[in-house]
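Please keep the sequence and the coordinates in view while reading.

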Amino acid sequence: MAYEKLDGQGMANLHSNADRMNWYKKDNKFSVDFGGHSTTMTVNNNDVLVAYDSATSNGMGEKNASVNYTKAELA
């Protein structure tokens with residue numbers, strides 16, 4: 001849900017790209033990528049911290065942006 005909210009394109013877009021997505025899980029961290037930069041969601045109690053690449057003047061940064069959601073916001 002955190003990736004979908006960050007992406008802002010909804011479940012239909014997520015579903016249509018599912019075959020190209022690579023998901024990884026380790027403890028309370030979930031990462032997704034399309035073969036390049038990844039988005040990492042870290043779950044801590046009622047919070048989900050999303051670290052992602054945002055556009056920079058010379059291309060994409062590496063984990064240069066983040067947003068925190070509560071589970072209630074995502075539900």
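**A covered strand and its sheet**

Strand β3 is mostly covered, since 5 of its 7 residues are buried; buried denotes a relative accessible area under 20%, exposed one over 50%, and partly exposed anything in between, with a 1.4 Å probe and protein chains only. Strands are DSSP runs of E with at least two residues, helices are runs of H or I with at least four, and both are numbered from the N terminus. The model is predicted: local features need pLDDT of at least 70, side-chain atom pairs count only at pLDDT 80 or more, and totals for chains, interfaces and linings use all residues. Residues are numbered from 1 along each chain as its sequence is written, and side-chain values use heavy atoms, with hydrogens and water left out.

The chain has 3 helices and 7 strands, and from the N terminus on its elements follow the order α-α-β-β-β-β-β-β-β-α. Of its 75 residues, 28% are buried. The predictor's confidence in each residue, pLDDT, runs from 0 to 100; its mean over the chain is 83, and 89% of the residues reach 70 or more. Confidence is highest in β1, at a mean of 93, and lowest in strand β6 (residues 59-60), at 62.

An open sheet of 5 strands is arranged in the order β1-β2-β3-β4-β7, with antiparallel pairing; two strands pair if DSSP finds at least two bridges between them. At its edges are β1 (22-26) and β7, each of which pairs on one side only. Neighbouring strands of this sheet are turned by 15° against each other on average, direction ignored. For such angles, axes are lines fitted to C-alpha atoms, for helices over the stretch in contact, and the angles run from 0 to 180 degrees between N-to-C directions.

Within this sheet, β2 and β3 run antiparallel and are joined by 5 bridges. They form a hairpin with 4 residues between them, and glycine 35 in the turn has a positive phi of about 95°. Lysine 29 has threonine 42 in β3 as its bridge partner. Threonine 42 is in turn bridged to leucine 49 in β4.

On to the next pair: strand β3 (residues 38-44) and strand β4 (residues 47-52) are antiparallel over 5 bridges. Here the hairpin has 2 residues between its strands, and asparagine 45 in the turn shows a positive phi of about 55°. β4 is also joined to strand β7 (residues 65-70) by 6 bridges, again in the antiparallel sense. Within that pairing, valine 48 is opposite tyrosine 69 in β7.

Why does serine 31 count as buried? Serine 31 counts as buried because its relative accessible area is 17%. Not counting residues up to four places away in sequence, serine 31 touches Asn22, Trp23, Tyr24, Thr39 and Thr40, where contact means heavy atoms within 4.5 Å. The side chains of serine 31 and threonine 40 are also joined by a polar contact of 3.3 Å. Such a contact is a pair of N or O atoms within 3.5 Å; within protein, one must be able to donate a hydrogen and the other to accept it, and residues adjacent in sequence count only if both atoms are side-chain atoms.
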